[in-house]
Amino acid sequence: MAPPTGKRVKGVQIFRPFVYGTTARPFDEKTNPKPPGIPDDHTHSWTVFIKGIDDVDITYWLRRVQFKLHESIPNHVRMVEGVKGQPFQIHETGWGEFEITMKLYYVPESSEKPQTLYHHLRLHPFGRTEEKKEAMRLNGGEVISWVYEEQIFNEPYEPFYDILISGALPPSASTLKDGGGGGGGSGAATPTSANTPGASSSKGGNKKGHERSHSRASVSTNKDGKNNNESKEEPFVIQKSEGGVLERSAMIPLVNRPGQPFSRETEQLEIQKLKEAKLKVDEMKKQMMEELEKKQKRLEALRAESAKAA
Ligand code: SLL
């Protein structure tokens, strides 16, 4: 860990969405033939990964990842260095499931200590219903166990804050946010999070940051992310993923695409499911209360009867 540089940006939390998990495929003569030299008892090829949402680059905040695999696997502790725009990943083959430990090392500018994540390698779909099991299968054959996560940087150091927000949506480009294809960039997945310089400086945090946002606010962009300014400044092109996610932002895509299941669309479906479940629980509760009331009345009647009889 590098010694802290600069001051912390007070009152600011920056979050960055990312995805981690495993993808496994059974060996199969036709669809997934076993490469030569792989032991007989190995039944699957699999991958463990950490990557950006919609495959956007995350190496500007995540420097390297140490994957700790099962001890039965040769060379089971592996360090993966970040390559811009590429996932942190390991491909392996094997026969059994186990818990994988992933230690995240951040860029030195962050002065953050490493953090550990745990993930269970899944080779076989599981779930109470066939539907649940099927939901774990992608393209008919791959068994996926993927998790959406948000990395929160609480009061980042100034140089790191600059890195985090550079390239993220400039405050003046609210028109781009509405019309620019990508979506859901409010960064409001958690109430205390911020993803734009505007949002973070509006929290009253850091004066410098505020000034910076103003200087950037003079640069307006059109739908193509091109600079509209007539000034001599280098035009900055805003990079977006295929799903419309701005590089270095906290956005998630508006809709799902194959292999990209984490979006506002998924979020809405989950919220809908929760709403429906709540309605069901409310209905069950109502019925139980009614029954309880009936029983209470019956009990009272019986008590009255027995009192009379005594
Ligand atoms: C199980 N507790 O019984 C787990 C252990 C171990 C998986 C799973 C070996 C690969 C190799 C392998 O797949 N180990 O030999 O390279 O299910």
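**Exercise 1. State how the residues of the shell around the ligand divide into nonpolar, polar and charged.**

Solution. This is a predicted model. Start by listing the residues around the ligand: His42, His70, Ser72, Ile73, Pro74, Thr93, Gly94, Trp95, Gly96, Glu97 and Phe98. Next, sort them, with Gly counted among the polar residues. Ile, Pro, Trp and Phe count as nonpolar, and Glu counts as charged. The shell therefore holds four nonpolar residues, six polar ones and one charged one.

**Exercise 2. Find what lies 3.2 Å from an oxygen atom of the ligand, and which atoms lie 2.9 Å from ligand atoms.**

Solution. A polar contact here is a pair of N or O atoms within 3.5 Å.

- Step 1: the side chain of His42 has a polar atom 3.2 Å from a ligand oxygen atom.
- Step 2: in the side chain of Ser72, an N or O atom is 2.9 Å from a nitrogen atom of the ligand.
- Step 3: Trp95 places a backbone N or O atom 2.9 Å from an oxygen atom of the ligand.

On its own the ligand has 460 Å² of accessible area, of which the protein covers 70%.

**Exercise 3. Give the strand order of the five-strand sheet and name its edge strands.**

Solution. The order in this open sheet is β5-β2-β1-β9-β8, with antiparallel pairing. Pairing on one side only marks the edges, which are β5 (88-94) and β8 (137-138). Inside the order, β1 (residues 13-26) and β9 (residues 142-154) run antiparallel and are joined by twelve bridges.

**Exercise 4. Determine which helix lies across β1 and β9, and at what angle to β1.**

Solution. The helix is α2, residues 158-165. Helix α2 runs at about 60 degrees to β1.

**Exercise 5. Work out the strand order, edges and twist of the four-strand sheet.**

Solution. First, the order: β4-β3-β6-β7, an open sheet with antiparallel pairing. Second, the edges: β4 (77-81) and β7 (115-120) each pair on one side only. Third, the twist: from one strand to the next, the average is 20 degrees. Finally, look at one pair of strands. Five bridges connect β3 (residues 62-68) with β4, and the two run antiparallel. Gln66 has Met79 as its bridge partner in β4.

Key: Residues are numbered from 1 along each chain as its sequence is written. This is a predicted model: local features need pLDDT of at least 70, side-chain atom pairs count only at pLDDT 80 or more; totals for chains, interfaces and linings use all residues. Side-chain values use heavy atoms; hydrogens and water are left out. A residue is near a molecule or strand if one of its heavy atoms lies within 4 Å of it. A polar contact is a pair of N or O atoms within 3.5 Å; within protein, one must be able to donate a hydrogen and the other to accept it, and residues adjacent in sequence count only if both atoms are side-chain atoms. Accessible areas come from the Shrake-Rupley method with a 1.4 Å probe; for residues, only the protein chains shown count as cover. Two strands pair if DSSP finds at least two bridges between them. Contact means heavy atoms within 4.5 Å. Axes are lines fitted to C-alpha atoms, for helices over the stretch in contact, and angles run from 0 to 180 degrees between N-to-C directions.
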